[in-house]
Amino acid sequence: MATINDIVLIHLEESPVSFARIESILPDAKKDWYHVKLLMLQIPLQVVTWILKDDYINGESFFMNGKQMQLKKVECPIDEVAPEGHPTRLK
């Protein structure tokens, strides 16, 4: 599950459109729904809050204003195995 400080790639109609960092996840009055505050990583910076089910935070697609949306957590790819046998991250 994506959580606070994670970077997500936002997809609109199955195409990537923007990156955002999750700033906060606060419970909504409805069970399993949350207020997700996103810092949109674009110029100018913009902060938005979306009310999402936990499934949507976990990457399931959903509809917003009739458009299919999806959040995908961004993971740094693992580089070759380091000489000590510990995986390293690309820089």
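Predicted model: local features only at pLDDT ≥ 70, side-chain atom pairs only at ≥ 80, totals over all residues.
1. Strand S1 (residues 7-12) and strand S2 (residues 15-27) run antiparallel, and 6 bridges join them.

2. Now look at how the chain gets from S1 to S2. The two strands form a hairpin with 2 residues between them. Glu13 sits in that turn, and Glu13 has a positive phi of about 50°.

3. Strand S6 (residues 67-73) runs antiparallel to S1, with 5 bridges joining the two. Here you can pick out Ile10, whose bridge partner in S6 is Leu71.

4. Next, the aromatic rings. How many aromatic pairs does the count come to? It comes to 3 aromatic pairs. One of them is Trp33 with Tyr56: the ring centres are 6.0 Å apart and the planes stand at 85°, so this pair is edge-to-face. For that label the planes have to be over 60 degrees apart.

5. Where do those two residues sit in the chain? Trp33 is in strand S3 (residues 33-40), while Tyr56 is in helix H1 (residues 54-57), so their contact ties together parts that are 23 residues apart in sequence. Is Tyr56 buried or exposed? Tyr56 is buried, because its relative accessible area is 18% and the cut-off for buried is under 20%. Trp33 comes out at 22% relative accessibility, so Trp33 counts as partly exposed.

6. Trp50 and Phe62 make an aromatic pair as well, and this pair is edge-to-face, with 6.4 Å from centre to centre and 70° between the planes. Trp50 belongs to strand S4 (residues 46-53) and Phe62 to strand S5 (residues 62-64), so the pair links distant parts of the chain, 12 residues apart. Both Trp50 and Phe62 are buried.

7. Trp33, Trp50, Tyr56 and Phe62 form one aromatic cluster. There is a charged neighbour to spot as well: Lys30 lies over the face of Trp33, at 4.5 Å from the ring centre.

8. While you are in that region, have a look at Lys31. This residue lies in the loop between S2 and S3, and at 71% relative accessibility Lys31 counts as exposed. The C-alpha atoms of Lys31 and Asp54 are separated by 9.5 Å, and the two residues are 23 residues apart along the chain.

9. Which residues make the nonpolar surface patch? Phe19, Leu41, Leu45 and Val74 make it, and the patch covers about 360 Å². Leu45 is placed in the loop between S3 and S4. With 60% relative accessibility, Leu45 counts as exposed, because exposed means over 50%.

10. Salt bridges next: a search of the whole structure finds 4 of them. In one, the side chains of Lys73 and Asp6 meet at 3.5 Å, N to O. Lys73 is in strand S6 and Asp6 is in the segment before S1, so this pair ties together parts that are 67 residues apart in sequence. Asp6 is buried, with a relative accessible area of 15%, whereas Lys73 is partly exposed at 38%.

11. Glu75 counts as exposed, at 51% relative accessibility. Through shared partners, salt bridges join Asp6, Lys73 and Glu75 into one network.

12. One more salt bridge to find is between Arg21 and Glu23, where the closest N and O atoms are 2.4 Å apart. What does the accessibility say about these two? Arg21 counts as partly exposed, at 30% relative accessibility, and Glu23 counts as partly exposed too, at 27%.

Key:
Residues numbered from 1 in each chain as written. Heavy atoms only, no water. Phe/Tyr/Trp six-rings, centres within 6.5 Å; stacked < 30°, edge-to-face > 60°. Helix = DSSP H or I, 4+ residues; strand = E, 2+ residues; numbered from the N terminus. Buried < 20%, exposed > 50% of the residue type's maximum accessible area, 1.4 Å probe, protein only. Lys NZ or Arg CZ within 6 Å of the ring centre and 35° of its normal. Pairing = 2+ DSSP bridges. Patch = residues over 30% accessible without salt bridge, like charges linked within 9 Å, V, L, I, M, F, W, Y side chains within 5 Å. Areas by Shrake-Rupley, 256 points an atom, 1.4 Å probe, with all protein chains shown as cover.
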